[in-house]
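Please look at the structure below, and then follow the questions about the terms used to describe it.

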Amino acid sequence: LADRVQRQSRIAEEAAEWLLRLESGSLSSEERAGFVDWLRESPHHVAEMLRVAKLHNALAKFGQWDLLPAGGLSASEDLPVDVLRRAVSEPAPVAKWPWALAACVALVAASWGWYTWTSGAQTIRTQLGERREMALADGSEVALAPGSEIRVEFSGTRRLIRLGYGEAFFHVGKDANRPFLVASAHAQARALGTSFSVAERADAAVVTVTEGKVAVSANTGRSAETPGTDAQVALSTNQQVTVSVRGTAPVRQIDGRVELAWSQGQLVFDNETVADVVLRFNHYNQMKIRVTDAALAARPVSGVFRATDPESFVAFLESVAGAKARKNGAEEMLIESSSAAQPEVLPR
Amino acid sequence: VASADIDDVAQEVFLRMLRYDRSELVQHPEAYLYKMAANVAAEWSMRSSRRQPHAAQWLEGLEAESTPETEFQRESEELDLRRALEKLPPRAREVLRLHFAEGLAHEAIAVRLGLTRRVVKREMIRAYAALRSTLQAEDFS
């Protein structure tokens, strides 16, 4: 019996050691292989790992540290022997299965969060005026609008992207076993193989689908693993929906190519005011355009421009609207009305 | 009714891990471990609910966070943990407190207590093992 207790205690220490290693950061592939081999050595190892992880979660949630005797090094250190003796004298009672299930359900719910911060997640950010395109590990492609941030958290069971702020367009590689999830503050979108974008605004998120199907639901703060069990909206090609704290707006039919032209580096304007167009250009470029004439700013324009080529838009204004452009230092372009009237400075 | 506890779940997870492609497991071992455990638990809850109508209700109680039963269960688990922590040697308890209550990493704990990192890690591992053996009896009582 003493042997059994000793063996049990050794397995517990091994499991704890694995847990600490998992917790302290990303393991090398050799270490992960070692962990797999250890688990596959014995069901006792698997059981102990589950129990130690459950203990870890309980410690992380424990709220009564202040009620414990103060930690000092003066008190006697011979307690572990006592602990072992207790374990021997009290045989484990026969388990009733609901307890085990409780343990497992709680374990899985809590360990998910634990896993996501121990695995190597990757954060990708763009500055104002910067647009980035990249391929993700699963073959999916992402285009990040200026001033955006995503966090890529892929695992064996799901591909999770957290959109911190800004807008991102995804062309999702097919993987039926791992749903592709995008979670932002306001919305969650789930796709299997499709192209769509999620734009996080101040008080809402806008999800736009250019190809395939995406399930969208409000982000209720629950795990992104199970989005959309309530109030789910199914979007298909050329549809868009806005999700805000006030609820989900009706689905709109849109032209996906126009809406997401930015992901191709294009800006498409259909009857938008010069002021709005300027705002969009300024989002992409170091050189800022400033319109000093209110009538010109309110004037509607249409056209397709390269986002990184504000000069072409300025030239367009000069030829079509008769405006005059004037450089004000390296980083500002003033657009003035060519008329002799007193220019009125727009509030910024 | 088959009694299934963590050992039974672990047995099944163990078998699945043996059947599973090793190189696949190595990619994300802990994710597979928890996913498999969750699957086994879910499958058994389905099977059991067919036999036992009570089990399904019991499960619902689990998911709704704030029912009196789960609240009671959570409190009693917290109490068990507190008792087990009280039995730890003071230094081990202090290491755990600094880590979980103050969020200190091993290095910072070592500095705070004037120990080496190695000793802190050793202390943590022993603390887990000691807590596990104290809680074992109470785990399923």
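Accessible areas come from the Shrake-Rupley method with a 1.4 Å probe, and for residues only the protein chains shown count as cover. The model is predicted, so that local features need pLDDT of at least 70 and side-chain atom pairs pLDDT 80 or more, whereas totals for chains, interfaces and linings use all residues. Residues are numbered from 1 along each chain, chains are lettered from A in the order written, and side-chain values use heavy atoms, without hydrogens and water.

Q: What is the accessible surface of chain B, and what share of it belongs to carbon and sulfur atoms?
A: The accessible surface of chain B comes to about 7400 Å², and 51% of that belongs to carbon and sulfur atoms.

Q: What percentage of the residues in chain B is buried?
A: With buried meaning under 20% relative accessible area, 45% of the 141 residues in chain B are buried.

Q: Why are H1(A) and H3(A) called oblique to each other?
A: Helix H1 (residues 2–23) of chain A and helix H3 (residues 43–61) of chain A pack at about 60 degrees, with their axes 9 Å apart. Angles under 35 degrees count as roughly parallel, over 145 as roughly antiparallel, 65 to 115 as roughly perpendicular and the rest as oblique, and H1(A) and H3(A) are therefore oblique.

Q: Which residues of H3(A) meet H1(A)?
A: With contact meaning heavy atoms within 4.5 Å, A:His44, A:His45, A:Glu48, A:Met49, A:Val52, A:Ala53 and A:His56 in H3(A) meet residues of H1(A), including A:Trp18 and A:Leu22.

Technical notes:
Axes fitted to C-alpha atoms, helices over the stretch in contact; angles between N-to-C directions. Helix = DSSP H or I, 4+ residues; strand = E, 2+ residues; numbered from the N terminus. Buried < 20%, exposed > 50% of the residue type's maximum accessible area, 1.4 Å probe, protein only.
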